[in-house]
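Thanks for coming. Please have the structure open.

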Amino acid sequence: MIEVLAPLPVLLPLLGAAGALLVSGHPSFQRALSTTVLTAVLAISVVLMFVADAEGATSVSVGGWPVPLGIVLVVDRLSALMLVVASTVALGVLVFAVGQGAADGSEETPLSIFHPTFLVLVAGVSNAFLAGDLFNLYVGFEILLMASYVLLTLGGTAARIRGGITYIVVSLTSSLLFLAAIGLVYAATGTVNMAQLAVRLGELPEGTQVLLQSMLLIAFGIKAAVFPLSAWLPDSYPTAPAPVTAVFAGLLTKVGVYAIIRTQTLLFPGGALDDLLMWAALATMLVGILGAVAQRDLRRMLSFTLVSHIGYMVFGIALGTAAGLAGAVFYVAHHIAIQTTLFLVAGLVERQGGTTAVDRLGGLARRSPLLGVLFFVPAMNLAGIPPLSGFIGKLGLLQAGVAEGSAVAFTLVAGGVVTSLLTLLAVARIWTRAFWRSPNQSPVEDTAAAAAADATLRRRPEGNGAASGDGGGTADGGSRTALQDAWRRHTAVATAAEPDLPPAAGAVRALRPLPRTMVGATTALVALTVALTGLAGPLYGLADRAATDLIDRTPYTTSVFGTEEVP
């Protein structure tokens, strides 16, 4: 059965994208087609996961070509789990985008472009998870990257074009490095099939192995946003439309993490660069979360936490133990769902409050209790509050670090605890300022400036500058207006005495209604994040079995060649 089902997570979205282009003039048909395709992909992925867990890894030679000449797709516990989580969040994001498109038209997500491009993106992600050779993995990356270039610049605003250019340059650099590494691997071993490379790379001189491993790690580290290769992400992701940002944050970096897991365990199991990976994981956690704490914009804060929590996954990979890999696999699945959900919530906040700048929001929890719940639950999960799945994943990784017992591992354990506490601080600041603070209350930072502005305004006579001086007193009037704005940021209350004053920069905007489809999709994903806690036992068991297979390597190679003897 897997022989029939395995190609479908790649094939169905590609066929769906072609169909969506053919019916581009009929948005209702596009929506129905895209939703049907992703629902089918999710159902197929669930079947593949249960079959892979029950029967072990299985491979499919596309077109009947003999291995290693043809394209090989490998379905094991890890790839099947990634397919299920990816297709689940992709379906949720698609429904959210449909609701946004129905509410706003095609300004934010042009439907005729969005649906086929989004399906191509899903096909690239699925292909990367199933790829059994390095070149097909490269093709999967390129498919999803080409689609991401289009999605990132939807709407054509200046900010999106700037973010898209940065993203394209970084992605092309990573792809060129990956392609060069593939060329060197083929020159050294005569194959790019990963099952064969599992044997042949070990026969190369140690220096050659380290060179090839380093090149692949750098290429995948850029895609996964591992420090110091992560500076591009916070400036690229927040500029895109909400559904695009959500799927980027949830999936694209995790494809890079998946590639690191696969190559580190299957191709380079010796652990030559494990210590370097541990230090990179520590720097990723700490630098990312310090950046998050410093942000006053919800989307940018989430972008920095995305970078930070990649460090947890790299920590588990660098440990190289079954416990560490199990924690990493579980945390990848958890984080895909959590990060996607939080970015969708950010889209709802922006829609209702008119902005994601925290200092310009307030009272959202009182005015929209449902929105407050939708943010609070995944935010606490991201921070690792017990007994949520974030706590379970972090606990598993920290226990694996303690069990490893080295000084570097203990340093990472401490760094992981500090990162978790700072994550709680970052999301708590968002909660207190945007959701809990009264709409008429201003940030503490404005108090001193407002007091000085008030004192200056009290000393000035009414009408000073507006009716004096040549040209209407533009300079003095502008000064007075700036002072009035500062005072209004402090009070955020319009006074009857000065009705002509411009709106305060810190004033809370009128709340916009939230479309039911967008809220429903977000609520479903929030429910999924809660379900991860209830299903943490079976899910962690699956992650543990996947980690055992990764350490063993034999199940993977046997599934490709049908025997433990690899030619």
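Three helices, α6 (134-152), α7 (158-189) and α9 (206-224), each supply at least two residues of the lining of the largest cavity. Bear in mind that this is a predicted model. Of those helices, α7 has the largest share of that lining, at four residues. The volume of this cavity is about 110 Å³.

If you want to find the spot on screen, select Phe-141, Leu-144, Leu-145, Tyr-167, Val-170 and Ser-171, then Ser-174, Ile-222, Lys-223, Trp-232, Tyr-237 and Leu-252; these residues line the largest cavity. By class, that lining divides into nine nonpolar residues, two polar and one charged.

How many cavities of 30 Å³ or more are there? The count comes to four. I will take one more of them.

The second largest cavity has a volume of about 80 Å³. Its lining is made up of Ala-57, Asp-76, Arg-262, Thr-265, Leu-266, Asp-549, Leu-550, Arg-553, Pro-555 and Tyr-556. Elements giving two or more residues to that lining are α11 (242-267), α22 and α23 (554-561). Which of the elements gives the most to it? That is α11, with three residues. As for the classes, the lining of the second largest cavity has five nonpolar residues, one polar and four charged.

Now the pocket. The largest pocket has a volume of about 460 Å³, and 19 residues line it. Nearest its centre lie Met-49, Leu-81, Val-84, Leu-535 and Leu-539. Two or more lining residues come from each of α3 (27-55), α4 (77-104), α14 (322-353), α21 (516-534) and α22 (536-552). The top contributor is α3, which gives five residues.

What is the make-up of the pocket lining by class? It has 16 nonpolar residues, one polar and two charged.

To recap the volumes: about 460 Å³ for the largest pocket, about 110 Å³ for the largest cavity and about 80 Å³ for the second largest cavity. The helices giving the most to each lining are α3 for the pocket, α7 for the largest cavity and α11 for the second largest cavity. That is what I have.

Note on methods. Residues numbered from 1 in each chain as written. Predicted model: local features only at pLDDT ≥ 70, side-chain atom pairs only at ≥ 80, totals over all residues. Heavy atoms only, no water. 1 Å grid on protein atoms, 1.4 Å probe; cavity = no way out; pocket = protein on both sides within 12 Å on 5 of 7 lines; lining within 4 Å. Points joined across faces, edges and corners; volume = space filled by probe spheres on them. Nonpolar A, V, L, I, M, F, W, Y, C, P; charged D, E, K, R; others polar.
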